[in-house]
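Try each task before reading its solution.

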Amino acid sequence: MKYIPFINTIKIRENFTQYIRSFSYREAITGYAFIAPAGVIIIFFVIIPIIFSFGMSFYKWELIKGVKIFIGLGNYARLLKDQIFRRALFNTFYFVVGSVPLSVIPGLILAFLVDQKWFKGKSMVEVIYFLPVVIGWVEIAMVWRWLFNPNYGLFNYILSIIGLPGQHWLGNPQLAMPSIIMVHAWKMLGYNMILFLAGLRNIPELYYEAAEIDGASRWSIFRYITLPLLKNATFLVLVLNVIYSFQVFPQSFIMTQGGPYYATYVVVYNIYNTAFQFYKLGYAASMAVVLFGIILFFTILQKRFFGEVVEY
Amino acid sequence: MKYWARIGTYIIIGVGMIFMIAPFIWLLSTASKPPHEIFTYPPRLIPNDISLLENIREVFHWIPFGRFFLNSIIYAGTVTLSTLFLGSLAGFGFSKYRFPGRDVIFILILGSMMVPSQVTMIPVFLQLMWLGWLDTYQGLIVPGLVSAFGIFLMRQFIMTIPNEYIDAARLDGASDFKIYWILILPLSKPALNALGIFTFMATWTNFLWPLIVISSESKKTLPLGLAYFTYQYGTYWNLLMAAVLLAIIPVIIVFLIFRRYFIKGITLTGIK
């Protein structure tokens, strides 16, 4: 005899009816009305496109040729062999690995220094360091392109004063990426400093007072009190920076146009060219899905790495 | 010892500040130079013949700078106002009303925040093509009328407003929309300030989206117009820098006036 699981459908229906009845009709209608305008926009321009994007990545979808054929994982197989995409992926990792520590660590140190009780001129420091944050990438990139100018730029002039030879900062394949990383770190430094300052202000004064009474040195206060209690803030800053850095684009678009010899050609640049210069939408969608996967992976990895929340 | 540590701190911060400010000074210096002084060696900080105004006039002569600026105002202004309005409306709905499916919808919106815009931009481009909205203001603006993040931030904030206030207003006979308008909106001011500044900054500086949607010159936003200017007149560094200066001065002024909100906005929006 087969065992037939006993499902009480009447009970389920009753529960469901009760659940629905527990809402006031008027309240529910009003609630829907309040979320409706925003909901329509989000569904139409965010939720549907997300699903659509995954779907498109299984198609050979080319606007110019008017092609739209289902090819399964074909785009992804092609990505694996695509030399240019691999180059772009490598460059993007290079950029993230270079730019994140270079803007996060100095940001942390600055925040710690500025947060000292005796420090005067905090608000001026905040304003100056935050200034590059509020200005757009296009403007910043234009100014730095001029600073990096091999013949008349300020950088090579300063080098020549010290007696060093001038460099083709953005024209040299070896130097182009480090130069872009430097600009990125310069712009993001103030942003990270502000985030760390907010984290530092959440640490109760009590801990520092206790440490001072015990005669702890500044370094050991930083190492054994500030750093551990700043774990959450550090996690947040790292995640934000990694996500932001993976989306690098205007920097290289304005300063080097991806060059020289693909030295600064990054994933978003590749997506942009594939989708909006060559109109290979399906192939570009598969690149975007890969980018999303990588960003998601790093977000989860960092969550793991930082583990449980520190309470105090 | 302690004394030296303090001096060391000021020196580190001070040197850093020079490093932060130097590019702007160099920008101002180049923007003030007549053409023949850009390429002098060694470079002079203060030009012999200060021609900032001439350069600015030249910029307006060479590119429709005013038009780009106006377009940026329209784009960033509409997106910001709409995000504040629709975001707070939805935030109020999500936090103070009970209706079937509320939490599922909210989690869906929350989840969509994790997806970078590069994933959605290709399908949205197609949608705009089908609507016939490519290279139009509505194509530029409508997809950004509200953000998942805006809804999330407003919901979190409005949740902290005590229900008693709402009940009291209701007893006085206020309608739901009136409660939103005269009670919730004024009480949400800190969150609205932060969200407003954050959205305005992000939209004003957005480069990728206008680059994809807009192709005709008369609809270009400032970053797009400047990028175009860079390619067109690549070696006229004095004019390029004058254009950059014109573009960033309003931003710097707004930043200096509202700097408290900026910094608060960053810390509030960073923690999401």
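**Exercise 1: Chain B, fold and spread**

In chain B, 76% of the contacts with a separation of 6 or more are between residues 24 or more positions apart, where a contact means that two C-beta atoms, placed from the backbone, lie within 7 Å. This is a predicted model, in which local features need pLDDT of at least 70 and side-chain atom pairs count only at pLDDT 80 or more, while totals for chains, interfaces and linings use all residues. Residues are numbered from 1 along each chain as its sequence is written, and chains are lettered from A and ligands numbered from 1 in the order in which they are written.

Task: describe the make-up and spread of chain B.

Solution. 
- Step 1. Chain B has 15 helices and zero strands; helices (H or I, at least four residues) and strands (E, at least two) are DSSP runs, numbered from the N terminus.
- Step 2. The radius of gyration of chain B is 24 Å, well over the 19 Å from the globule rule for 272 residues, so chain B is more spread out than a compact globule. The radius is taken over C-alpha atoms, and the rule is 2.2 Å times the number of residues to the power 0.38.
- Step 3. The C-alpha trace of chain B spans about 75 × 65 × 35 Å along its principal axes.
- Step 4. Of the 272 residues in chain B, 44% are buried. Buried means 20 or more other C-beta atoms within 10 Å of a residue's own, exposed means 12 or fewer, and partly exposed is in between, with C-beta atoms placed from the backbone.

**Exercise 2: Chain A and its domains**

Solution. 
- Step 1. Chain A contains 14 helices and two strands.
- Step 2. Its radius of gyration is 26 Å, while a compact globule of 312 residues would have one near 20 Å.
- Step 3. The C-alpha trace of chain A spans about 90 × 70 × 45 Å along its principal axes, and 39% of the 312 residues in chain A are buried.
- Step 4. Domain 1 of chain A covers 9–56 and domain 2 covers 77–306, with bounds from an automatic or database domain assignment. The centres of these domains, taken over C-alpha atoms, are separated by 39 Å.

**Exercise 3: Where the chains meet**

Task: how many residues does each chain bring to the contact?

Solution. 
- Step 1. Chain A gives 73 residues and chain B gives 74 residues.
- Step 2. On the side of chain A that touches chain B, helix α2 (residues 25–56) supplies the largest share, 20 residues.
- Step 3. That side of chain A divides into 62 nonpolar, seven polar and four charged residues. Here Ala, Val, Leu, Ile, Met, Phe, Trp, Tyr, Cys and Pro count as nonpolar, Asp, Glu, Lys and Arg as charged, and the others, Gly among them, as polar.

**Exercise 4: The largest nonpolar core**

Task: which residues have the most contacts inside the largest nonpolar core?

Solution. 
- Step 1. A nonpolar core is a set of buried Ala, Val, Leu, Ile, Met, Phe, Trp, Tyr and Cys residues joined through C-beta atoms within 7 Å.
- Step 2. The largest has 161 residues, and A:Ala288, B:Ala243 and B:Val244 have the most contacts inside it.
- Step 3. Helix α8 (residues 173–201) of chain A gives the most to this core, 15 residues.
- Step 4. Leaving out residues up to four places away in sequence, A:Ala288 touches A:Ser53, A:Ile271, B:Gln118, B:Val119 and B:Ile122.
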